[in-house]
Amino acid sequence: MTANGTFQIVLYLVVLIALVKPLGWYMARVYEGKLRTPILRHIETFTYRLAGVSPDSEMNWKRYLSAMLLFNLLGMMILYALARLQLHLPFNPQHFSAVAPDLAFNTATSFATNTNWQAYAGESTLSYLTQMLGLTVQNFLSAATGMALLIAMIRGLVRQETTNLGNFWVDMVRGTLYVLIPLSLIFSLVLVSQGVIQNLAPYKTASLIATVKYEQAKLDDAGQVIKDSHDVPVMEAKVVTEQVIPMGPVASQIAIKQLGTNGGGFFNVNSAHPFENPTPLTNFLEMLAILLIPAALCYTFGMMVRDTKQGWVILFAMLFIYVPLTIGTISIEQSGNPALSKLGISQAAMPNISPGGNMEGKETRFGIVNSAIWATATTATSNGSVNTMLDSFMPLSGLVPLWLMQLGEVVFGGVGSGLSGMLIFIILTVFIAGLMVGRTPEYLGKKIEPYEMKMASFTVLIMPLVVLVMTAVAVVTHVGINSISNPGTHGYSEILYAFSSLTNNNGSAFAGLNANTPFYNIWGGIAILIGRYWYAIPTLAIAGSLARKKAIPSGAGTLPTNTFLFLVLLIGVVIVVGALTFFPALALGPIVEQLTLWNQYGS
Amino acid sequence: MAARIQGQPIWDAAIIKTAMIDSFKKLTPHYQIRNPVMFAVYIGSILTSCLFIQSLFGKGEAPAGFIFAITLWLWFTLIFANFAEAMAEGRGKAQANTLRKSRLDILAKKLSSHSRDAKYQLIPATKLRAGDIVLVEAGDVVPSDGEAIEGIASVNESAITGESAPVIRESGGDRSAVTGGTEVISDWLVVRVTANPGETFLDHMIELIEGTKRQKTPNELALTILLAALTMVFLLVCATLLAFSIYSYHALGLGSVVSITVLVALFVCLAPTTIGGLLSAIGIAGMDRMIQANVIALSGRAVESAGDVNVLILDKTGTVTLGNRQATEFIPAEGVKGETLADAAQLASLADETPEGRSIVILAKENFHLRGRELHELGATFIPFTAQTRMSGANLPGRQIRKGAAQAIEIYLHQMGGVFPASVRTTVDIIARQGGTPLVVAEGNKVLGVICLKDIVKGGIRERFAELRQMGIKTIMVTGDNPLTAAAIAAEAGVDDFLANATPEDKLALIRRLQAQGHLVAMAGDGTNDAPALAQADVALAMNTGTQAAKEAGNLVDLDSNPTKLIEIVEIGKQLLMTRGALTTFSIANDIAKYFAIIPAAFASTYPALNAMNIMHLTTPQSAILSAVIFNGLIIVALIPLALRGVTYRHVSAEILLRTHVFIYGLGGLIAPFVGIKLIDLLIRFLGLAYL
C-alpha cells in the first residue's frame with residue numbers, strides 16, 4: 001500500500017471514530033425521548049396529532065411488527081403506483097413512460113426495504129416525481145424503519161418483565177425528524193456547495209468539442225442484429241456530435257442515500273457520476289456518511305443498555321473485520337493484474353505519473369484507495385452505492401465486497417438492521433461461549449433459551465438459504481445464464497453477487513449482469529422481501545421474548561461481554577459462520593478465478 | 001475436583017460389551033429421528049448405500065470401492081455416536097438392575113384400619129395405592145414410600161443410600177418418611193402409603209439412572225435447535241454445490257460434475273456430528289455424575305440450573321457449623337479462681353445430657369483435669385432446665401449451683417439477695433458480640449464467672465466459600481440466632497451475608513426477594529417447615545433423612561444427607577454445561593480443516609487450480625475425502641471419555657475459564673483436524689488405498 005493510501009485510510013477511520021460518540025449520544029437521547037428542542041418538539045407533537053397517534057401508548061412485539069409491515073407495504077404500493085403512473089404525473093420533463101410491472105415491483109420492494117437494488121438506469125427511466133416522492137421518501141422511511149427495529153430490540157434487552165417494546169410510530173417520527181432529516185439537510189447543502197446539482201430542469205444538450213465516430217451493428221425493427229450471408233453482422237457508421245446531460249434534484253437524494261445506507265443512485269453509474277460526486281471532498285464525506293450512522297448506533301446501543309463498553313466492543317469487532325479487508329482490497333488492487341505484468345507492463349505506482357495497480361473500471365478521479373474504501377464500506381454496510389465498477393476488481397478483491405455481504409450485513413450493516421443482526425450473532429456467540437463458562441447462556445442479564453435460539457436460528461438460516469438456492473436455480477436455467485456478460489467462472493460470481501446483494505438488502509451490483517429481466521426482477525424482489533422481513537420478524541420476536549424476562553445480576557460467574565476476549569470470540573463466530581456457509585460457493589467463483597489467473601500468469 | 005466424585009472407571013469391559021451391542025440396536029429410524037443431526041447423517045448413509053449398490057451394477061457415479069469406503073465410514077460414524085450414548089447409559093443400567101431386584105416380590109401387610117392391632121392381609125406391594133395403611137415389622141422390607149403414623153423402628157436404607165448404618169424412623173416429627181425397598185431391622189412401624197405403583201422414589205431412581213424417561217433439558221433443547229439449524233445450512237451448502245458444479249462443468253467443459261457420494265461425504269463432515277453424536281451422552285453422564293455423588297436428580301433441569309446458581313442459602317447448623325455449640329472457655333469473675341468456676345460448672349453439668357452440657361464437662365477435664373464424678377455419690381440433685389427458670393444446675397449439700405443465660409441468673413440472684421457484678425456483664429456482652437453464647441454460673445448469691453459456648457465452624461468451609469465467591473456464587477447463612485451471634489459466625493465462616501432470627505417464613509421471603517432480583521437460588525433442607533422454601537428455590541436439595549414433604553418439594557435428594565453437597569452439585573451442573581459448550585466449539589472449529597481437505601478434492605477435475613488449497617498435501621482426491629470422513633467418525637470415539645467424564649471445572653472467574661476453553665477447544669478444534677486428516681491420509685497411502 002502506498003503512503004498516500006495509508007494516510008487516507010487512517011484519516012477516514014479517525015474522523016469516523018471521532019464522530020461516533022457525539023452522534024451516538026444524540027441518537028440515544030432522541031430515542032429515549034430526552035431531547036428538548038422546542039421547534040422539532042412542536043413538529044413532533046403536531047405530527048402525532050395529525051396522524052391520530054397517541055405517543056404514550058406502548059406496543060407489544062406483534063403490534064410493533066404489524067405496524068412496521070403495514071407501513072412498509074403502504075410505502076411499497078405508493079412507490080409502485082408512482083412508477084407505473086409517472087407519465088400522467090407532473091415533474092416528468094423527459095416524458096418517461098410507465099415503468100414495466102416487473103421492474104416497478106422490483107424497484108418498489110427494493111427501496112421500501114432499504115435495499116436500493118437498481119435494475120434500471122435512473123436518468124433514462126424515472127421521472128423527477130418518482131425519484132423525489134418515491135425513492136427519496138422511501139430512503140428516509142426505510143432507514144427509519146431499520147433504526148426502529150434496532151431500538152425495539154434494545155428495549156427488549158433493557159426492559160424487564162414487560163411486553164412493551166415502545167411505539168413504532170413514535171420511533172419512526174423521532175428517527176426521521178431528529179436524526180435523518182437534519183443530517184441530510186446539512187449534508188445536501190454541503191454537496192450543493194461542491195457542485196452536486198439540485199434542479200427540476202429538463203435535460204440539457206451540449207455540443208461535443210470533438211465528434212465521436214464509431215461503427216455499430218445494424219438492428220432490424222425487432223431489435224435483432226442484421227447479418228449478411230456469411231453470418232457476419234452488418235455494421236453501420238455512427239457520428240456523435242452532441243451529448244445529452246441529465247439534470248434533476250440530485251443533492252437531496254444523494255445525502256440520504258449515503259446516510260441511510262440506501263445506496264440507490266440518481267444516475268446509473270451512481271457515485272462515479274460527477275453530478276453525484278464531483279470533488280475529493282464530496283467523495284470523502286460520502287464515504288464517511290456510509291459508515292456514520294451504523295457506527296454511531298453502536299454507541300447509542302451502549303448508552304441505552306447503560307454500559308457504553310458493550311457498544312464499543314461491538315464497534316471494534318466490526319472495525320477489526322472491516323479494516324483488514326479494506327487494506328487487503330487496496331493491496332490486491334494496487335498489485336495489479338498478473339496478465340498485464342506478463343506483457344511487461346509496469347503496474348507500480350509512480351507519483352504524478354501513474355497510480356499503478358488495476359485501474360480498470362475505476363474513476364481516475366478517485367483512484368484505487370478511494371475506490372477500495374468505498375467498495376468495502378458500501379458492502380460492509382448495506383449501502384450499495386458505488387463509485388467504481390466492482391466487476392472489474394481482481395477476483396480476490398472482488399470477493400471482499402461479496403463476502404462482506406454474505407456475512408449477513410452485520411459488519412456495520414444497514415442503519416439499525418445491521419446492529420440488530422449483529423445482536424443475533426452476539427446471541428449465538430453468547431450461547432456457545434456462555435456454555436463454556438458453565439452457565440446457561442445469558443446476554444446483558446437475559447437468559448437465552450430455546451425460543452430465542454429458535455428465532456436466532458431462523459435469521460441465520462434464511463439468508464444462506466435464499467442466496468444459495470436462488471443462485472443455484474439461476475446458474476442451471478437459461479433465463480438465469482442469459483443475463484451473464486462474462487461467461488465462465490466470472491459469470492457465476494456475477495449471479496452469486498446479485499443474489500447475495502439482494503437477499504442481504506445491500507443493493508450494490510457486480511455489474512456485468514443484465515438484471516432488468518422478468519426473472520431477475522421478480523425473483524430478486526422476492527429475495528429482497530424474504531431477506532428483510534424473514535429476518536425482522538424473528539428479531540422482533542426475540543425482542544418481545546427478552547423484554548418479558550427478568551435480568552440476572554452479573555457477577556464473577558457471568559460471561560463478560562464487554563471484554564477484548566469476547567470481541568475476539570464475536571469476530572470468530574461471525575467469520576466462521578460466514579466462511580462455513582459460503583466458502584464452497586466462493587471457492588468455485590472468485591477463489592478459483594484468482595488461482596487460475598496465478599497459475600496462468602504467475603503471481 | 002473430578003477425583004472427588006468416585007465412580008467406576010470409564011472403560012469397563014462388561015459395559016463396553018453391552019454398549020457395542022446397543023450401538024447397533026440403536027440404528028433403527030425411530031431411534032435416530034430423535035437427534036436431528038445424526039438423522040441427517042443416517043439419511044446420507046442410506047443414500048450412499050444405494051449408490052454403492054448401483055455402482056455394483058456398473059452404473060456407478062464413482063468407483064465402487066470409493067463409494068463403499070465412504071459408505072462404510074458413514075455407518076461407522078452413526079455407530080460411534082450410538083456407542084457413546086450406550087456407554088453413558090451403561091453405567092446407570094447396571095446400577096438400576098440392582099435396584100430393581102429390591103423392588104420385586106415384596107408382600108405388604110395391608111392393615112384394615114389405622115391401628116397396629118388391626119387385621120392385615122398380605123398383598124403384593126405393586127397393588128398398593130396411596131392412602132393405604134401397612135404394617136412393617138422387623139425383617140420386613142418397606143413395600144412403598146410412605147409416612148410413619150405410628151411406632152418407631154430402625155431401618156436399613158442401604159439399598160437406596162449405600163450407607164449400611166441403620167437410621168431411626170418414627171411417627172411424627174422430621175424423621176417420619178420411609179422409602180420403599182428399605183428394610184426394617186428392629187421394632188415396627190405403621191405406615192401410610194404416599195405413592196401409587198410406579199411412582200415411588202425407587203421407581204424414579206431406576207428411571208433416572210436408566211435414562212428411560214430422560215427428557216431434553218431447556219438448554220439441551222436450545223442447543224439441539226442451533227445444531228439442527230447448522231445442519232440445515234450445511235445441507236443447503238452441499239445441495240447447491242451440485243448446481244454450481246453443473247454450471248462450472250458446462251462453462252469450462254472440463255472434468256465432471258461432482259458426485260453425490262462426495263457431496264454426502266462433505267455434508268457429513270460439515271454437520272456438527274461431533275457434538276450431535278455426543279450430546280445425549282453428555283446429558284446422561286451428567287446425571288450419572290450426580291448419582292456417583294449419591295444425589296438423585298428428580299429432573300434433568302435441576303442439574304442444569306445448578307450450574308446457573310448464583311446464591312446458595314445454607315442453614316447454619318449442620319452446614320456451616322458442626323451442629324451444636326460447645327464450651328470453649330471459662331472466664332472467672334473477679335476474685336474467683338478459674339478452677340473454682342470450672343468445678344462448679346462441671347458439677348452443674350454432670351447430669352446435663354445436652355451436647356452443650358457434655359461439652360462443659362469435657363472442657364473442665366481438658367483445662368483443669370477435673371474428672372467426672374457421680375452425682376448421687378455426692379448427694380447432689382440435678383435441677384433440670386425448664387422454660388420458666390431458663391436455668392439448670394445442681395443442689396449439693398450446702399451448695400446451690402446454677403448456670404443459665406445472664407438474664408435468668410440475674411433474676412435468680414435478685415431473689416437470693418445477691419448482685420450481678422458489672423465486670424461479668426461486660427464479659428457477657430463481649431462473648432455475645434463475638435458470636436458466642438455466654439452461660440453465667442452462680443453459686444448461692446455469688447457469680448463465679450461465665451462459660452463461653454461457641455459454634456464450631458466446620459474445617460475447610462471457609463476455603464469452600466472463598467472458592468464459591470470466585471465462581472461468582474454468593475453464600476447466605478440462615479440461622480435462628482440473634483444478629484450479633486449470627487454476624488460473628490458469618491465472619492468466621494466467611495459467608496457473604498446472613499439472615500438472623502430466621503423463621504421458615506423469613507427463609508421463603510428471602511428466596512422470593514432474591515429471585516425477584518433475578519438470582520437463581522439453591523438451598524438445602526430436611527424439615528417439613530423447609531418445604532415451602534424448597535419448593536420456591538430453583539435448586540432444592542432435600543436430605544434423604546428428611547420428611548416426605550421436604551423430599552417432594554426438592555428437585556434433588558441427597559442420599560448422604562449432607563447439605564454441604566450443594567457445592568458439589570453446582571460444580572456438576574457447571575461441568576455439564578461446559579462440556580456441551582466445549583464440544584460444540586470443537587465441532588464447529590473442526591469444519592475449517594475439512595473444507596481444505598474436501599473442496600479441492602471434490603472439484604479437482606473441473607478446477608485443477610484449486611489444488612493450491614490442498615495445504616495438507618493429501619495424496620489423492622479420494623484419499624482426501626476419505627481421510628476427512630474417517631477423522632470425522634473417529635473423533636467421536638476419541639471424545640467419548642471427555643463427554644463421559646466432563647470438562648474439568650476449576651474455581652476461577654468466568655473470564656479465565658472462557659479464555660482457557662476457547663484456547664483448548666476453539667484453537668485446538670481448529671488445528672486438530674489438520675493433523676488428524678494428514679495422518680489418516682498417510683496411513684491410507686501406506687496401505688495403498690489412496691487410488692480406490
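In this predicted model, domain 1 and domain 3 of chain A bury about 5200 Å² between them, with 73% of that area on carbon and sulfur atoms. Of the area that domain 1 of chain A buries against domain 3 of chain A, 15% is supplied by A:Trp117, A:Met153 and A:Leu157, more than by any other three residues. The two domains belong to an assignment that divides chain A into domain 1 (3-198 + 252-299), domain 2 (204-245) and domain 3 (311-320 + 374-387 + 397-601). Taken over C-alpha atoms, the centres of domain 1 and domain 3 of chain A are separated by 21 Å, and the contact takes 65 residues from domain 1 and 68 residues from domain 3.

On the side of domain 1 of chain A that touches domain 3, two or more residues are given by each of helix H1 (3-31), helix H3 (61-85), helix H4 (101-112), helix H6 (128-158), helix H8 (251-259) and helix H9 (280-304) of chain A. This side of domain 1 comprises 35 nonpolar, 25 polar and five charged residues.

Between the chains, chain A and chain B bury about 5100 Å², 78% of it on carbon and sulfur atoms. A:Met436, A:Leu580 and A:Leu588 supply 15% of the area that chain A buries against chain B, again more than any other three residues. The contact draws 58 residues from chain A and 63 residues from chain B. One salt bridge is counted between the two chains; in it the side chains of A:Lys447 and B:Asp308 meet at 3.5 Å, N to O. Ten residue pairs, both at pLDDT 80 or more, are in polar contact between chain A and chain B.

On the side of chain A that touches chain B, helix H14 (417-436), helix H15 (450-475), helix H17 (489-503) and helix H19 (564-601) of chain A each supply at least two residues, and the largest share, 16 residues, comes from H19(A). By class, this side of chain A has 40 nonpolar, 13 polar and five charged residues.

Chain B itself contains 23 helices and 20 strands. The radius of gyration of chain B is 34 Å, well over the 26 Å that the globule rule gives for 692 residues, so chain B is more spread out than a compact globule. Along its principal axes, the C-alpha trace of chain B spans about 120 × 65 × 45 Å.

Notes:
Residues numbered from 1 in each chain as written. Chains lettered and ligands numbered in written order. Predicted model: local features only at pLDDT ≥ 70, side-chain atom pairs only at ≥ 80, totals over all residues. Heavy atoms only, no water. Domains from an automatic or database assignment. Contact = heavy atoms within 4.5 Å. Buried area = accessible area lost by both parts, 1.4 Å probe. Helix = DSSP H or I, 4+ residues; strand = E, 2+ residues; numbered from the N terminus. Nonpolar A, V, L, I, M, F, W, Y, C, P; charged D, E, K, R; others polar. Rg over C-alpha atoms; globule rule 2.2 N^0.38 Å. Salt bridge = Lys/Arg side-chain N within 4 Å of Asp/Glu carboxyl O. Polar contact = N/O pair within 3.5 Å; in protein donor to acceptor, adjacent residues only side chain to side chain.
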